[in-house]
Amino acid sequence: MPRRPRLTGAATAALALGLVAAAPAPGTEPVGDARVVARFDPAAGQRPENIALEPDGSADLTFASARTVVRVAPDGTRTTRAELPAVAGPRTPLVGGAAVTGIVRAHDGTLYVNYATGTRATGVWRISPGAAPVQIAALPPDGFPNGLALDGRRGVLYAADSVRGTVWRVPAAGGPATAWAHRTELRPSRAGSFGANGVKVHRGSVWVSNTDRGTLLRIPVGEDGSAGAPETRARGLDGIDDFAFPGAGRTVLAAVNSGNQVVLVRRDGGHTVVLTEADGLAGPTAVAVRGRTVYVPGAAYRTERDPNLLLARLRYHFGRL
């Protein structure tokens, strides 16, 4: 069974100062009421890799090997939003075939996705409402662009490269990519493994997970937009994939693919398991949060069973924890 997180140190101080909207009742688990709202067919390549949310609560999912973006309504109804073009002779590092990975949504409904192919089609692609996908930035074919984040204030995208240990910065309007951060902390520790994976922009910093090293990193963004030195915010998260912030603070909900878990990572770096296979997880690849609803896509890469989209509920607000 999941354990209730301990609120210590800065978290306790935040509670005392009234910075949390609602404190948990004794014995209350932070996440519960899990249910699967959509199931997918792995034989058809329907393995949800990443997620972006629509204002109506629908989820836009990338199906990695099917090269598609699918919208799943709150009632489970699904429609194909876009299909990325087929590539002749893909030579994608780590996976071989072409893969659609990270996805983000802009306020105007535009979607951006990463496409990893091992060819010059590798890069960031834009999906505008009613239009076919268009490549807006090329990335190195020998890399593996994975997670994707949007900084709407600066008008830039950040793409985490799992092979090259790099966070690429791309103008949202399109243009050349620049290697924004390239550090040992972002690289895998072993050849053939995934390094930098999930990425989010949060409170003036870029946060990145490293799957192989089991770490969660925070990279400050300078006034001039440059990358500061990475800070390791959590360790011991072997197999961490993408993640989300349930509140305005530094608490994180992270998908741990290899452990088939979602964990709550506290601001002190400690973590607690809050969802497991018993709740319906199927190799979770990402987490998204809207209000008190938690969305978890699962690709079932290891088990080959029941890839799905699971919804759960936050039992209390995290405020600035």
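Trp207 is buried, at 2% relative accessibility. The model is predicted. A search of the whole structure finds 7 aromatic pairs.

**Trp207 and its partner**
- Trp207 and Phe245 form an edge-to-face aromatic pair.
- Trp207 lies in strand E15 (residues 205–210).
- Phe245 lies in the loop between strand E18 (240–244) and strand E19 (252–256).
- The pair therefore ties together parts that are 38 residues apart in sequence.
- Phe245 counts as buried because its relative accessibility is 14%, and the cut-off for buried is under 20%.

**The cluster and a charge**
- Trp207, Phe243 and Phe245 form one aromatic cluster.
- Lys200 lies over the face of Phe243.
- The distance from Lys200 to the ring centre is 5.4 Å.

**Phe144 and Phe194**
- A search of the whole structure gives 7 aromatic pairs, including one formed by Phe144 and Phe194.
- This pair is edge-to-face, with 5.5 Å centre to centre and 85° between the planes.
- The pair links distant parts of the chain, 50 residues apart.
- Phe144 sits in the loop between strand E9 (134–138) and strand E10 (145–151).
- Phe194 sits in the loop between strand E13 (178–182) and strand E14 (196–202).
- Phe144 is buried, with a relative accessible area of 3%, whereas Phe194 is partly exposed, at 27%.

Definitions and conventions
Residues numbered from 1 in each chain as written. Predicted model: local features only at pLDDT ≥ 70, side-chain atom pairs only at ≥ 80, totals over all residues. Heavy atoms only, no water. Phe/Tyr/Trp six-rings, centres within 6.5 Å; stacked < 30°, edge-to-face > 60°. Helix = DSSP H or I, 4+ residues; strand = E, 2+ residues; numbered from the N terminus. Buried < 20%, exposed > 50% of the residue type's maximum accessible area, 1.4 Å probe, protein only. Lys NZ or Arg CZ within 6 Å of the ring centre and 35° of its normal.
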